[in-house]
Amino acid sequence: MVAFEHPHAHGALAPTAHLELPFFDDAHRALANGLVSWVRQQNVDETDDRAACREWVQRLGDAGWLRYCVPQAHGGALPALDSRALVILRETLAFHSPLADFAFAMQGLGSGAITLAGTPAQRAAYLPDVATGRKIAAFALSEPEAGSDVAGMRLRATPSEGGWRLDGQKTWISNGGLADFYVTFAKTNPEAGARGISAFVVDADTPGLDSSAHIHVMAPHPLATLSYRDCHVGADSLLGSEHGGFKLAMQTLDIFRASVAAAALGMARRAFAEAVTQARSRQMFGQTLGDFQLTQARLGEMSALIDAAAVLTYRAAWMRDCSATSGAGTPAYTAAAAAAKLTATENAQKVIDMALQMFGGRGVQVGNVVEHLYRDIRSLRIYEGASEVQLLILGKHALKA
């Protein structure tokens, strides 16, 4: 059973007009066209989300798409991480399969901190394998009592002979139980709040790390709670500077925040395409659903919501790529990324809900594309900074302007 139908099965094709916007250049357009051609040929059984995720990582790696997750010096496709390329890739993958998008995104997020702050040895040990799909990456930041409040984390890293001892938990970790390594954030100075956090690269087979507590959610994808009990790692596992973990985590999230918006955008575009197909083909009262003015108005609203999200998403990616810095970027970029993430995820939720409504009873039937999208989109309004957090970022930016 293929859990997410191919878009060409019902005539829904990913739109490409947005690629002509001035945010993109010819290389980005070629990238998008190549990915669309490739992904249409894939046929992955997504019944088992963990097996499917492994397969998507392997396929994306074999085809060279994961090379956009790491810099060229370590097997990547481009000299540095390119936000516009990430946006194009995630939007296109999410249009065709949200799980494919998830598999791609986690390779980038899970290895991003190593790209930013890793030693030459750390980069050489992990990034080439991320680019080929030989190693699956994960980003371990959230805890049972520390989600949006990162500074409230309780996982403790204490010095030990030859390295560090980790004790505590992480939860809601994407690729948990599937990853080959976890970029893990822990308190090295519990009294210092956000200034007392450090980052470590922890291999999945490290004694004392247990990733067996899988979490099941309404849109299945690999999640787990990680338990660190007397988990010893070497001194060379420290990622970046001691106590520099909070800044590193925020830099990493900032880079990929616009790409979360792009994933939401891809799902919204798919729902819109399905709705247009439904409006053209569904017969009601001697005419098509699309002949009713109410339907036309609803499609117009959906189109406007998508366009608004798209412009903010592409603007944020363009701003980061044009920035002179490669870390968290300027305050203006941080605000732009927050606006994109907030608007794209919230608008996508509205678009998908409206699309489902147009399908009537079929819209809530398990296996229908819009039913699947309805479940898939919900988590994007929470992870990598909930909508409320984005509002706070934007409000604080406005007060400082």
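Helices (H or I, at least four residues) and strands (E, at least two) are DSSP runs, numbered from the N terminus. The model is a predicted one: local features need pLDDT of at least 70, side-chain atom pairs count only at pLDDT 80 or more, and totals for chains, interfaces and linings use all residues. Residues are numbered from 1 along each chain as its sequence is written, and side-chain values use heavy atoms, with hydrogens and water left out.

Start in strand β7, which covers residues 223–234 and holds aspartate 230. Look at the backbone there. Aspartate 230 is not a glycine, yet its phi is positive, at about 50°. How open is this residue? Its relative accessible area is 45%, so aspartate 230 is partly exposed. The terms work like this: buried means under 20% relative accessible area, exposed means over 50%, and partly exposed lies in between (1.4 Å probe, protein chains only).

Now move to the loop between α9 (369–378) and α10 (387–400), where glutamate 384 sits. Glutamate 384 also has a positive phi, about 55°, although it is not a glycine. Is glutamate 384 buried or exposed? Its relative accessibility is 14%, so it counts as buried.

Next come the cysteines. How many disulfides does a search of the whole structure find? The search finds 0. A disulfide here is a pair of cysteine sulfur atoms within 2.5 Å. Take cysteine 53. Its closest cysteine sulfur belongs to cysteine 69 and lies 12 Å away, which is too far for a bond. Cysteine 53 is buried, at 0% relative accessibility. Cysteine 231 is buried too, with a relative accessible area of 0%.
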